[in-house]
Amino acid sequence: IVSELWGSVGVSVLFWQLANDIIPVWQAKRFYPLFGQLANIAPICAGQTVAYFAHMSNDGDDSFGLALQYTTMLVTAAGACLFVLYHIIGVLDEQDEKLGRKGEGAQKPKKKKPKMGMLESFKFLVTQRY
């Protein structure tokens, strides 16, 4: 059961950790919806690719084995590409930090929030309209 979680949960958590590390907070509104859309398109592409390999290997005795070989080669190549891409992203992120391109942008100064105890916080919540 745990091994089945790796593809859906483990890789997603690793991706979002990388995204949070390299994208400044002030640009999150710009990039996160794009990442969500790409995450929804990826299973469609994966299904079409597997269907293509299955259709391509319909001829012969070992058609399933051939489709499995193609799929394995594609997954291995994609993993190697991800390793290279991760390294390149890390190098570019370090360069951006050194050059000061990861600044916080033009943000308004935050209002100072009053420090409240547990009882004051509860009273505040009860008196709020929402």
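**Rings and a surface patch**

Visitor: Why is Tyr32 called partly exposed?

Guide: Its relative accessible area is 25%, and buried means under 20%, exposed over 50% and partly exposed in between (1.4 Å probe, protein chains only), so Tyr32 is partly exposed. This is a predicted model, where local features need pLDDT of at least 70, side-chain atom pairs count only at pLDDT 80 or more, and totals for chains, interfaces and linings use all residues. Residues are numbered from 1 along each chain as its sequence is written, and side-chain values use heavy atoms, with hydrogens and water left out.

Visitor: What makes Phe35 buried?

Guide: Phe35 has a relative accessible area of 19%, which falls under the 20% limit, so Phe35 counts as buried.

Visitor: How do you know that Tyr32 and Phe35 form an aromatic pair, and why is the pair called tilted?

Guide: Rings of Phe, Tyr and Trp (its six-membered ring) pair if their centres lie within 6.5 Å; planes under 30 degrees apart are stacked, over 60 edge-to-face, and the rest tilted. Tyr32 and Phe35 lie 6.2 Å centre to centre with 35 degrees between the planes, so by those cut-offs they are a tilted pair.

Visitor: What makes the pair of Tyr52 and Phe53 tilted?

Guide: The ring centres are 5.9 Å apart and the planes stand at 50 degrees, so this pair is tilted. Phe53 is also buried, at 12% relative accessible area.

Visitor: Which residues do ring pairs link into a cluster?

Guide: Phe15, Trp16, Phe31, Tyr32 and Phe35.
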